[in-house]
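Welcome, and please take a moment to look over the sequence and the structure before reading on. The paragraphs below will walk you through them step by step.

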Amino acid sequence: MPEPLIVKEPTVYRPPAGCFDEVFGPGGVPHEHARPLVAELARMGPEQLAAAGRRRDAIFMQQGITFDATGEDGPVKDRPFPLDLVPRIMPGAEWTQIKRGLAQRIRALNHFVDDVYHGREIVHAGIVPWNLIVSRSHFARAVHGIRPPGGVYTHVAGCDLVRDSDGSWKVLEDNVRTPSGISYVLENRVAMTRLVPSLFQSYRVRPVDHYPQLLLAALRAVAPSTDEEATVVVWTPGPMNSAYFEHAFLARQMGVELVEASDLVVRDDVLYMRTTSGLQRVHSVYRRLDDDYVDPLEFKPESLLGVPGLVRAYRAGTVAVANAFGTGVADDKAIYHYVPEMIRFYLGEEPILDNVKTYLLSDPAQLEYVLPRLDQLVVKPTSESGGKGVFIGPSTPAEELAALAEVLKAQPGKWIAQEVVKLSTVPTSGLDGTIAPRHVDLRPFAVFGETIKIVPGGLTRVAMREGSMIVNSSQGGGSKDTWVLEDGVDTDRAEPDHATPQVLPSLPDLQYGGWSDQQQQQQQAYTHVVEEEA
Amino acid sequence: MLARIAHELFWLGRNIVRAEHTARMLDGVFQADLQGRPDDPNGVMLSWGSILAIMGGVPEGGEPIRPRRDDVLAALTLDPENPASVIACTARAREGARTVRDVLSAEMWEAINTTNLTLLEGDLSARLRTGPYSVYQYVKERSALFWGLTSRTMLRDDASAFLRAGGRLESADMVLRMLRVALPPGRVDGDGIDDAAAVRDGQALALLQAVGGFQAFRRAVQAPPDALPVGRFLLYEQNYPDSVAASVHYALDVLQKADTNPRTSEPILRLSRLGADLEFRARTDDGLAGDLSNVCASVQRELALVDGDIALRYFAGAGTTAGAVHA
């Protein structure tokens, strides 16, 4: 067992007070499941980690896994995607609990979307006010009464999870429009197996690379039934989009076309794509742009990214769209507040994962409670994502908070306030390979086709600056490979029983060609003779 | 051209391709092996035992074996004593190339010689321990460099025909070996459930990734990467350069041009029949994965006969005794 850090190097690794550290317990003793990792990191030392970091940057640049960010000196283009080489590890049992909680939540959100555009039972039951729902910017009147195949709306979901100071998991946000980041989960894993294979030595890590298959299977499962194999496409707003890398990645991994609006056309309520051999029917679309832009006839008329008539085709049931139009209403931060109630209402279950304590400012009493405490809370606009427009009370100047208070009084419906969560910390390596605690969150990715499937782990985002809790990669955050462990630590690298091959066929021996052997023998014999003669 | 030179070029092609396939396979299994079982049975891996079987390290009768990762990696990568290791293949290629330096372009020779020198440097064994990926990546890149230079700088004469024919026939042989081990015949247990099927499906995916054909498969085939579609793809798909059918056709094509009287050539007639047979099966055979493994076995037998024919017709019989035909 590695020596407790507090004894060996008391000043080196100090998680911030009041935060949960996922590797070291109080006093610097590593948790049971993290011990092999700590030992291996100690064996590698900062030099090896730093060297692996330089190889990582070179590889990511070569493979074009880059993105644009805003650094301290303004915008930076084409930075290698910041993967931290210390993985975040999670015991299998803990993951099982998270997985159940997420599946429960996503099922409830799906019920909610269906309900909003059909019976509105949750409104009639007096749980969610109707005027709150219709005032959400992603509420889509155009899809009222449409029920997609299988009744699935939230095909792809990514909920942001955080760990509070007591180590409990909480949901911070639900992303059921177009959550991004899964490509980094897959690329990170590949990079880790190449750069630091020795860290895997004592663990059995659950793979993540089957995600594209899950997604493709789900997209096929929801496609309108046809005689031939359903044609699936990924629809991107174009190469200028910041997530274009991911769109291309998913299309490539699934082996489907990556289309833009100009490739698509609707004829007689059927969606087609333009190919070199004429129009080809499209059955299922994984779209990576918001409702507002998809169809100028139904949503924003000035959108140039849209396909006229798409919503009509969707209504006619000739094409499946993931995620379904109108799903964004469940993604709204004011609706988030009601998700635990939804779970009780639709599923009759108690929520497995809790919300972070949230205040709806449209309620005058809650607004009254929040206004004097702005310096202790986080205030978020309800319809934004990616950390845009978020005010973190403790680190915001007083005059800005005063201005914010005025805005909140004027437009209370567009904002929510949340208690500050002290994000958990995980050991993270700096440029020189030294290890220090940094704050993290987690975005697992779920695919809802016939059933809900969740890829083990997800994208761990990490704030690279000391003490910072801003994990968004657009604001200088990094990422970590997230390992969900098979139960039990495995130090024996012999093959486990399940991989024991069946009785193998006997193959012919490998051949090695004959001439050079003959020749060499002749030559050797000759040299021998010459030596003897000399 | 001289029979001896043709023979040397043929085996040069084979050794370079074998080194690359071995490297790809080890890399693919290494990566898959670092991780555990997924929630779905899709990711069951092509195992270290399978690799030994592919490379002929399993005794007759095919008892299940459970070798250790590091042993297999070391034995098949940098062990000069093991004739099937990557370094042994490269060393043989280098020795072969040296005897035909006048026929190769200077750049091709240099590419092989540098590869061999780099693999001999002690530095690589340290890299193999800390991160085998970079070693295998190097072997793949050097192989690509060699074949690229062959296309750009070597006269397309008889010499290049034998070099390429050797490369393609080796590729067909390696892919068949992998298919036969990764997708053995289904075994139905007492309760009537084919429990081997799930394992086969997982190994099919690992196999695709190990040969580097995953994305090509995705674009060419609509079906999920399960045993049957992957097997058919690697066996029959004319448009995928490493499929058995594509390799057979390519080898046939170059030998036809090199032979002054192809219509009397047994290897050419045999390859031609095999190519037609593969195409016929591709269009008619919709059978089960179990049948596919029989096809693989018979194609491999046929290719062994082609090897014998080639040696008899072009190499004055050299090499015919080295590989006994049994399968």
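## A walk through the model

Strands here are DSSP E runs of at least two residues, helices are H or I runs of at least four, and both are numbered from the N terminus; two strands pair if DSSP finds at least two bridges between them. Before going further, keep in mind that this is a predicted model, in which local features need pLDDT of at least 70 and side-chain atom pairs count only at pLDDT 80 or more, while totals for chains, interfaces and linings use all residues. Residues are numbered from 1 along each chain as its sequence is written, and chains are lettered from A and ligands numbered from 1 in the order in which they are written.

Back to strand 4 of chain A and strand 5 of chain A: they form a hairpin with five residues between them, and in its turn Gly167(A) has a positive phi of about 90°. Within this pairing, Leu161(A) stands opposite Val171(A) of strand 5 of chain A. Strand 4 of chain A also pairs with strand 20 (residues 445–448) of chain A, in the antiparallel sense and over three bridges. There, Val156(A) has Val447(A) of strand 20 of chain A opposite.

Is strand 4 of chain A largely enclosed or open? Eight of the eight residues of this strand (residues 156–163) are buried, so it is largely enclosed by the rest of the structure. A residue counts as buried if 20 or more other C-beta atoms lie within 10 Å of its own, as exposed if 12 or fewer do, and as partly exposed in between, with C-beta atoms placed from the backbone. In a regular strand the side chains alternate between the two faces of the sheet. In strand 4 of chain A both faces are covered: one side has Val156(A), Gly158(A), Asp160(A) and Val162(A), the other Ala157(A), Cys159(A), Leu161(A) and Arg163(A), and all are buried.

Leu289(A) sits in the loop between strand 11 (284–287) and helix 9 (291–294) of chain A. Why is Leu289(A) classed as buried? Because 20 other C-beta atoms lie within 10 Å. Leaving aside neighbours within four places in sequence, Leu289(A) is in contact with Trp235(A), Pro237(A), Val294(A) and Leu305(A); contact means that the C-beta atoms of two residues, placed from the backbone, lie within 7 Å.

Chain A has another hairpin to visit. Strand 9 (residues 270–275) of chain A and strand 10 (residues 278–281) of chain A pair in the antiparallel sense over four bridges, with two residues between them. Here Tyr272(A) stands opposite Arg281(A) in strand 10 of chain A.

Next come the helices. Two packed helices are described by the angle between their axes and the distance between the axes. In chain A, helix 3 (residues 92–116) and helix 12 (residues 339–347) pack at an angle of about 80°, with their axes 9 Å apart. That makes helix 3 of chain A roughly perpendicular to helix 12 of chain A, a label for angles of 65 to 115 degrees, with those under 35 roughly parallel, those over 145 roughly antiparallel and the rest oblique. The axes are lines fitted to C-alpha atoms, for helices over the stretch in contact, and angles run from 0 to 180 degrees between N-to-C directions. Among the residues of helix 3 of chain A that meet helix 12 of chain A are Leu109(A) and Phe112(A), and helix 12 of chain A contributes residues including Met342(A) and Ile343(A).

Finally, turn to chain B, which has 14 helices and zero strands. Of its 327 residues, 53% count as buried. Where pLDDT is low, the predicted coordinates should not be read in detail. As for the model's scores, ipTM is 0.77 and pTM is 0.84.
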